[in-house]
Amino acid sequence: MLDVASTASLRVYVSEWENGRRTISSRYAKILRALLGVTDDELGDRTEPLVPSPMTDGYDDLLGRIDAARSISLTMVNTFMDQTELLRTMDRQMGAASLVDQMTAHLATLEDALTFAVLPETRRPVARALAGAATLAAWQALDVGAVDRAWRHYELGKRAAQEAEEPMYLAHATAEQAYVLCDAGRAPMAVQLIRDAQRLGGKSMSPRLIAWLYAAEAEICARAGLPDDCQRALESAMQSLPAGGEARDPDMLSIFLNEGHLARWRGNALALIGDDEAVSSLYTALDNADPTFIRASAGLRCDLAQAHIARGEYDQAHEHLRQARLIANRTGSVRQRRRVEQLMQRL
């Protein structure tokens, strides 16, 4: 057997061999391995392989992603838009709670496509699709109570709209973001933001979007305790709204507004400022409500309850709140459930 000193000497000797300073035949190396009971790496006191693995710099992967993004056609962008439309329809009828994973994956796909798209002619259509999807995702997040996520999605939607050079999308995302501030108790700041949204939209906005922005301003002004501003905004909304029963804005697919929708919005704002006309306007909206707007019907019931409470008609208010709670539970709307509870405390 070798003593400790001999073993140490052998290790040093073999280490020198491994570094190329002395040549030892493989036959002697085999003997030393047997004597010491070690592997080749241990024999040379190595922790890393002698021959380093080839380094990868990531350029191949990056170029692959860029080439894939460059190949995105207008047809693919339309597919993205169709996916957003499907999610919008499901949200309207089923609520947002069950769509979180699908919406997250959809946004990730669009963000990835935009990240690796290089030239403007490719980036702008993708950015436009992302702006619409991000704004929808933000409203869904607000509905389920994920306020921070909602705010971030609105910021993403605004950036995408700017990249796409789409003022209408920018105005819409900014206006909806004002509701986050309003729900958080910052109604005066929300009024400033909704008016800034109108400025951002400029002269390129469709008449229906203009009416939608005025209606949103009216509601937020009502919540901010500005009844005169609320009434003026409602008048502007009614003057701007195109005639006819068509609700969908072909230039802004996320906008649904016709006389029936506006009657509901008007009733909501008037109920908030305690105007007696609110009840008749809201019942007109209830009679003409689109049955596919399931989640919105919870808000309409809350509006009616609020209007009845203002008139001291508590039995009617209680019945509408009962209906609103059932719908909110069905769609998983945290935002509407919170409103129901707030109004129940006033009964």
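**Exercise 1.** In this predicted model, find which helices and strands each supply at least two residues of the lining of the largest pocket.

*Solution.* Step 1: go through the elements in order. α5 (74–94), α7 (120–143), α9 (167–183), α11 (207–223), β2 (252–256), α13 (259–272), α15 (294–310) and α17 (334–344) each reach that count. Step 2: look for the largest share; α15 gives it, with 7 residues.

**Exercise 2.** State the volume of the largest pocket and name the lining residues closest to its centre.

*Solution.* Step 1: the volume is about 1,500 Å³. Step 2: of the 48 lining residues, Trp139, Arg264, Ala296, Arg335 and Gln336 are the closest to the centre.

**Exercise 3.** Which parts of the chain does the salt bridge between Arg223 and Asp183 tie together?

*Solution.* Step 1: the two side chains meet at 2.7 Å, N to O, and the cut-off for a salt bridge is 4 Å. Step 2: Arg223 is in helix α11 and Asp183 in helix α9, so the bridge ties together parts 40 residues apart in sequence. Step 3: Asp183 and Arg223 also belong to a network of salt bridges with Glu219 and Arg335.

How values were computed:
Residues are numbered from 1 along each chain as its sequence is written. This is a predicted model: local features need pLDDT of at least 70, side-chain atom pairs count only at pLDDT 80 or more; totals for chains, interfaces and linings use all residues. Side-chain values use heavy atoms; hydrogens and water are left out. On a 1 Å grid over the protein atoms alone, a cavity is a set of points where a 1.4 Å probe fits but cannot get out, and a pocket is an open set with protein on both sides within 12 Å along at least five of seven lines; lining residues have an atom within 4 Å of a point. Grid points are joined across faces, edges and corners, and a volume is the space filled by probe spheres set on the points. Helices (H or I, at least four residues) and strands (E, at least two) are DSSP runs, numbered from the N terminus.
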